Amino acid sequence: MKIIHTADWHIGKRLHNFELDEDFQLFINWLTQIIQQEQVELILIAGDVFDFSNPSSHSRQLFYNTMIRLQQLNCKIIITGGNHDSPAMLNAPREILNTINISVLGGMPNDEAEAILPIQNQQNKIELVVHAIPFLREVDLRKATDGISYEDRIKVMQNGIENIYKKSIDLGKRNYPHLPHIAMGHLFTAGVSPSESEREIQIGNQAKFEAQRLGNGFDYIALGHIHKPQKVNAAVPAYYSGSPLPLSFSERTDEKRILLLDTAKGFEPKSIPVPNFRKLIRLNGCLNEIQEKLKNLEVDSTLPSLLEVILEEKDYDTATEDTFLQIINTFKHPHAKIVKSRMIFENRVLGAHELFAQHEHLNDLKPVEILDKMIASQKELKEEDKNHLRQVFHQLLEEIQSE
């Protein structure tokens, strides 16, 4: 059986207030061609289907249209929720989607058996089993009392993750012995390289999980959550497919991809690069260098290129600042647009009102980014208090997203 592993679509994503819907539609056009060429039978989408827990009606329409297109290619589709997804929102149409061979698990079901999905081949014979485990929220993992310390709570969460996967594979092996088992997960595993676009990592990056703890019961682990494509240190083949589109300027040099498994050959996936539909370009330098780079800018992508422009000067000068802002505001190019700009003066300390970069829009900021800025400004807070604030904040955020 041929299987595509993808994740982190982030439908509705805006890159510094610039919508990426066209990029996503071009990706789906390309993906349908790959599915047909490779005769793919199963698609795994490992979380973060949407960028917001309450996506716009346009984003939902884009998602449903995509599901119809993929389902028409006679593929089984399995979707698990990510930390950006609302379990209730994803699960709402699941009964309808089930009728067209699309399985959705927005959140971890109360009955673990519901996350274990036997997959039939074209001869209606069960060929493999998928353990469709969505992003595990603290409500799924919390077993401790109110008096437990922060460090112990993290251990409880890590143990909870391990136990859920262990229970799933134990049950799967009992019910479907002698068959391959594939796990889906939306996790932050230890040793991986995140990017700027995934700052809402669980508990401020402190709940990272050692993938070795998942054991060797699975034949393959299809991961989402980290946008940079990479292999994970685990007892079996475990990979982040990465996001199919660059979602921040820190991802501009990543080779975006999907992963293709051919179980007839084994469980080491083949990486298929996603075409670069739009270039993200970062320009930095002094004022004269910025002017020269913008003047001689060359772009050759299908969609207009997006620019991040960073002014770097040694000494602060109001005339330099004014000139830079004028350059940014008057820049025009038929195939490029500046979506982010900022100024760095080596010998100038920023005031509190300048903590965020120039031209950074409020809807670009994640809740945890604003929290971290607030915590950083409170110099009198002890590290233990900071950690407790982050912990409580994430609990509240998860409750709001779940609702």
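Modeller: The answer starts with the strand, then moves to its sheet, the helices, the cores and a second sheet.

This is a predicted model, in which local features need pLDDT of at least 70 and side-chain atom pairs count only at pLDDT 80 or more, while totals for chains, interfaces and linings use all residues. Residues are numbered from 1 along each chain as its sequence is written, and side-chain values use heavy atoms, with hydrogens and water left out.

Take β13, residues 257–262. Strands here are DSSP runs of E with at least two residues, helices are runs of H or I with at least four, and both are numbered from the N terminus. Buried means under 20% relative accessible area, exposed over 50%, and partly exposed in between, with a 1.4 Å probe and protein chains only. By that cut-off, 6 of the 6 residues of β13 are buried. In a regular strand the side chains alternate between the two faces of the sheet. On one side of β13 sit R257, L259 and L261, and on the other I258, L260 and D262. Both faces are covered.

Now the partners. Two strands pair if DSSP finds at least two bridges between them. β13 runs antiparallel to β14, joined by 4 bridges. I258 has I272 as its bridge partner in β14, and L259 stands opposite S271. β1 (residues 2–6) also pairs with β13 in the antiparallel sense, over 4 bridges. There, K2 faces D262.

Widen to the whole sheet. It is open, with 6 strands in the order β6-β5-β4-β1-β13-β14 and mixed pairing. β6 (102–105) and β14 (270–273) are the edge strands; each has a single partner, so one side of each lacks a neighbour in the sheet. Neighbouring strands are turned by 20 degrees against each other on average, direction ignored. Axes are lines fitted to C-alpha atoms, for helices over the stretch in contact, and angles run from 0 to 180 degrees between N-to-C directions. Helix α2 (residues 57–71) packs on this sheet. α2 touches β4 (42–46), β5 (76–80) and β6, and its direction makes about 150 degrees with that of β5. Contact means heavy atoms within 4.5 Å.

Helix α1 covers residues 21–38. The expected span of a helix is 1.5 Å times one less than its number of residues. For the 18 residues of α1 that gives 26 Å, and the end C-alpha atoms are 26 Å apart, which agrees. Buried residues of α1 include F24, F27, I28, L31 and I35. Among the elements covering the buried residues of α1 are β13, β14, β1 and α2. Q39 follows α1, with a positive phi near 55 degrees.

Next, the cores. A nonpolar core is a set of buried Ala, Val, Leu, Ile, Met, Phe, Trp, Tyr and Cys residues joined through side-chain atoms within 4.5 Å. The largest has 47 residues, of which L42, L44, I78, V130 and Y165 touch the most other members. β13 is one of the elements that supply at least two residues each to this core, along with β4 and α6 (150–175), among others. α6 gives the most, with 5 residues. Leaving out residues up to four places away in sequence, L44 touches I3, I4, H5, T6, I78, V130, I182, M184 and A222. A second, separate core of 42 residues includes I11, I28, V40 and F277.

Another open sheet has 3 strands in the order β15-β16-β17, with parallel pairing. β16 (residues 305–313) and β17 pair over 9 bridges. I310 has R342 as its bridge partner in β17. Helix α7 (residues 287–295) lies across β15, β16 and β17, at about 145 degrees to β15.

Last, the whole chain. Buried residues make up 52% of the 403 residues. The secondary structure comes to 10 helices and 17 strands. Average pLDDT, the predictor's confidence in each residue from 0 to 100, is 87, and 87% of the residues score at least 70. Residues 355–359 fall below 50. Where pLDDT is low, the predicted coordinates should not be read in detail.
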